[in-house]
Amino acid sequence: MDEVIRWGALACLLVGGTFSAWRTVWLRRRTSVNPITFGRSDSAHDYLGRVFRIVTAAVGILALVWMITPHAPAALGPLPLGNGARLLGLGLLLAATVWIAAAQVQMGRSWRIGVDPAPTALVTAGLFRISRNPVFVGMLGLLAGLFLVLPTAPTLALLAVGLVAFPVQVRLEEEHLLRLHGDLYERYRAGVRRWL
C-alpha cells in the first residue's frame, strides 16, 4: 500500500507541475504575454511571488527526494497518521491536480500567476461559478493532500505557509479585479464565494 500511495502522489505532483509549466509556455506563445507576473520589487505582491517560488521548489525537492529515497520521510520528522489518512490524501492530491488543471484551462488567455496590470477578461464560467479562486482552492488541496500522504514536519510547514500566503494573494488579486472590472466584478463577488 505504501508504494501505491507514494507513486500515486508522485504522479499527481509530476502531472500537475508539468501541466502548469506547459500552460505557462502555451499562453506565452499564443499571446506573447508572460503569465508569471511577479517581479523583484519590495512590494507585497512580489514578496508573495518569492514565497510561491520557495513553496514550489520545496514541493519539487521533497518529491524528488521521496522518489529517490522512499524512506527519507522517516528522517524528516514523521507525524503519526494512518493509512486511511494517507489514502484520503492521495484522493485529495488527485482531485486537486485535476481541479487546478481545469481551472487553468477555463481561464483561457486570462490565466496569470499573480496580478497582471494589463487588462484581462473576467472569467465567471465553469469552476468559477462555485469559487472566485478555484486555482488557489486546488493549491491548498494539493498542499493538504501532500501533507496527508507524506505527514512530516516539512509538509506541515508548507501547508501552513500556503494557508497564510494564499489568502493574502487572493485579496490582492480581488482588489485588482475590482479596480479593473468595477460593477461587473462586484456583482460576481456578491454571487460567488471566495473559496467554495
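This report describes the helices, nonpolar core, salt bridges, aromatic pairs and surface features of a predicted model.

Residues are numbered from 1 along each chain as its sequence is written. As the model is predicted, local features need pLDDT of at least 70 and side-chain atom pairs count only at pLDDT 80 or more, while totals for chains, interfaces and linings use all residues, and side-chain values rest on heavy atoms, with hydrogens and water left out.

**Nonpolar core**

The largest nonpolar core contains 45 residues. Such a core is a set of buried Ala, Val, Leu, Ile, Met, Phe, Trp, Tyr and Cys residues joined through side-chain atoms within 4.5 Å. Buried here means under 20% relative accessible area, exposed means over 50%, and partly exposed lies in between, with a 1.4 Å probe and protein chains only. The members that touch the most other members are Leu13, Phe52, Val59, Leu93, Leu143, Val149 and Phe166. At least two residues of this core come from each of H1, H2, helix H3 (83–107), helix H4 (134–149), helix H5 (153–181) and helix H6 (183–191). Helices are DSSP runs (H or I, at least four residues) numbered from the N terminus. The greatest contribution to this core is that of H4, with nine residues.

Apart from neighbours within four places in sequence, Phe52 is in contact with Phe38, Phe136, Ala165, Phe166 and Gln169. Ring pairs also link Phe52 with Phe38, Phe136 and Phe166 into a cluster.

**Aromatic pairs**

The structure holds seven aromatic pairs. Rings of Phe, Tyr and Trp (its six-membered ring) pair if their centres lie within 6.5 Å; planes under 30 degrees apart count as stacked, over 60 as edge-to-face and the rest as tilted. The pair Tyr185 and Tyr188 is tilted, because the planes stand at 55 degrees, with the ring centres 5.9 Å apart. These two tyrosines are three residues apart in helix H6, which means that about one helical turn separates them. Tyr185 is buried, with a relative accessible area of 1%, and Tyr188 is buried at 9%.

**Salt bridges**

Six salt bridges are found in a search of the whole structure. The criterion is a side-chain nitrogen of Lys or Arg within 4 Å of a carboxyl oxygen of Asp or Glu. The table presents three of them.

| Salt bridge | N to O distance |
|---|---|
| Asp2 and Arg86 | 2.7 Å |
| Arg112 and Asp116 | 2.7 Å |
| Arg194 and Glu174 | 2.8 Å |

The salt bridge of Asp2 with Arg86 links distant parts of the chain, with Asp2 in helix H1 and Arg86 in helix H3, 84 residues apart. Asp2 is partly exposed, with a relative accessible area of 45%, whereas Arg86 is buried at 12%.

In the salt bridge of Arg112 with Asp116, Arg112 is buried at 15% relative accessibility and Asp116 is buried at 11%.

The salt bridge of Arg194 with Glu174 also links distant parts of the chain: Arg194 lies in the segment after H6 and Glu174 in helix H5, 20 residues apart. Arg194 is partly exposed, with 24% relative accessibility, while Glu174 is buried at 2%. Salt bridges that share partners join Arg132, Glu174 and Arg194 into one network.

**His181**

Helix H5 also contains His181. This histidine is buried, with a relative accessible area of 18%. Not counting residues up to four places away in sequence, His181 touches Thr120, Ala121 and Leu122.

**Surface and loop features**

Trp7, Leu64, Met67 and Ile68 make a nonpolar surface patch of about 410 Å². Patches consist of residues with over 30% relative accessible area and no salt bridge, with like charges joined within 9 Å and nonpolar side chains (Val, Leu, Ile, Met, Phe, Trp, Tyr) within 5 Å. The accessible areas come from the Shrake-Rupley method with a 1.4 Å probe; for residues, only the protein chains shown count as cover. H2 gives the most to the nonpolar patch, with three residues. Leu64 is found in helix H2 and is partly exposed at 44% relative accessibility.

Ser32 lies in the loop between helix H1 (2–31) and helix H2 (44–68). Most residues other than glycine have a negative phi. Ser32, although not a glycine, has a positive phi of about 60 degrees. Ser32 is exposed, with 69% relative accessibility.

How values were computed:
Contact means heavy atoms within 4.5 Å.
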